[in-house]
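Biologist: I am new to this model. Please take one part of it and walk me through it closely, along with what lies around it.

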Amino acid sequence: MSSSTSSKLTLAYFPIGGKAEPIRLACAAGDIAFTNKVIPPTEFTESKSSLPLGQLPVLYIENADSKKSITQSSAILRYVGKIGGLYPKDDDVVAMKIDEILSIIDDLVSPLILTVQGAVRALVTEDKEWTYEEKIAIRKRWSEKTLPRYLGFIDQILSASTSGWLVGDSLTIADLRLYCDLNWIIGGILDGIPSGMLKEYPDCLKLMENIEAHEGVKKWTDKYSKPYTTFDYAP
């Protein structure tokens, strides 16, 4: 699928995958040219006050007479999804079904994100941080309660799908978001979360294989690896 935009797009984020990875893969799958701008942690600290909400990712959209800066990864993902044909511009029902999946994924990962942020930053407590054992206990409850509820629901959607994709007959931003978050969950960086915990969700695993085989995604992963550097991506 090819696309074009007269605007120059620059995606600023850390050299990791994180919240920018579904956006990067959506650009690759949708044939969208953009600049992948890496902000090292030291530079982020220095420039934080100049960023919208003091956070990343940020998408800069430049035209001949204007430059906009957009924050919030979900908004950016939907924008590039529309440009690249991975999110509908004129089908509200399909868009709603994609949004439904994105919201379910938010509910799936939110408790895990809290354990990474910590109790103080997440405003759970004012000054007392969770111990390592408490974080592991939270993640254990998540794997027993939250994971089966939400990922089980998504796996059922995929099981009923005749295309192998979450919504409709082709790749959407919902597939890419799930792919990236599941890779984060089983990537070995979260203590207490075993890498093999997705074996009970075979249709989700099959979806991940389908995404890795997608021409645009494969073109990206074959050429670029983490930690990322700053570069211009041209489809």
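Modeller: Tyrosine 224 and phenylalanine 231 are both buried. Buried means under 20% relative accessible area; exposed is over 50%, and partly exposed lies in between (1.4 Å probe, protein chains only). The model is predicted, so local features need pLDDT of at least 70 and side-chain atom pairs pLDDT 80 or more, while totals for chains, interfaces and linings use all residues. Residues are numbered from 1 along each chain as its sequence is written, and side-chain values use heavy atoms, without hydrogens or water.

Now the rings. Rings of Phe, Tyr and Trp (its six-membered ring) pair if their centres lie within 6.5 Å; planes under 30 degrees apart are stacked, over 60 edge-to-face, the rest tilted. That rule gives 10 aromatic pairs. Tyrosine 224 and phenylalanine 231 are stacked, because their ring centres are 4.1 Å apart and their planes meet at 5 degrees. Both belong to one aromatic cluster, together with Phe34, Trp220, Tyr228 and Tyr233.

Helices (H or I, at least four residues) and strands (E, at least two) are DSSP runs, numbered from the N terminus. Threonine 230 is partly exposed, because its relative accessibility is 47%. Leaving out residues up to four places away in sequence, threonine 230 touches Asn36, Lys37 and Val38. Contact here means heavy atoms within 4.5 Å. Isoleucine 39 is 191 residues from threonine 230 in sequence, yet their C-alpha atoms are 8.5 Å apart.

Just after α1, aspartate 31 has a positive phi of about 55 degrees.

The lining of the largest pocket has 42 residues; Tyr13, Ile16, Gly18, Lys19 and Ile113 lie nearest its centre. Elements giving two or more residues to this lining are α1 (21–29), α3 (73–84), α4 (92–117), α6 (173–185) and α8 (215–223). A pocket is an open set of points on a 1 Å grid over the protein atoms alone, where a 1.4 Å probe fits, with protein on both sides within 12 Å along at least five of seven lines; lining residues have an atom within 4 Å of a point.
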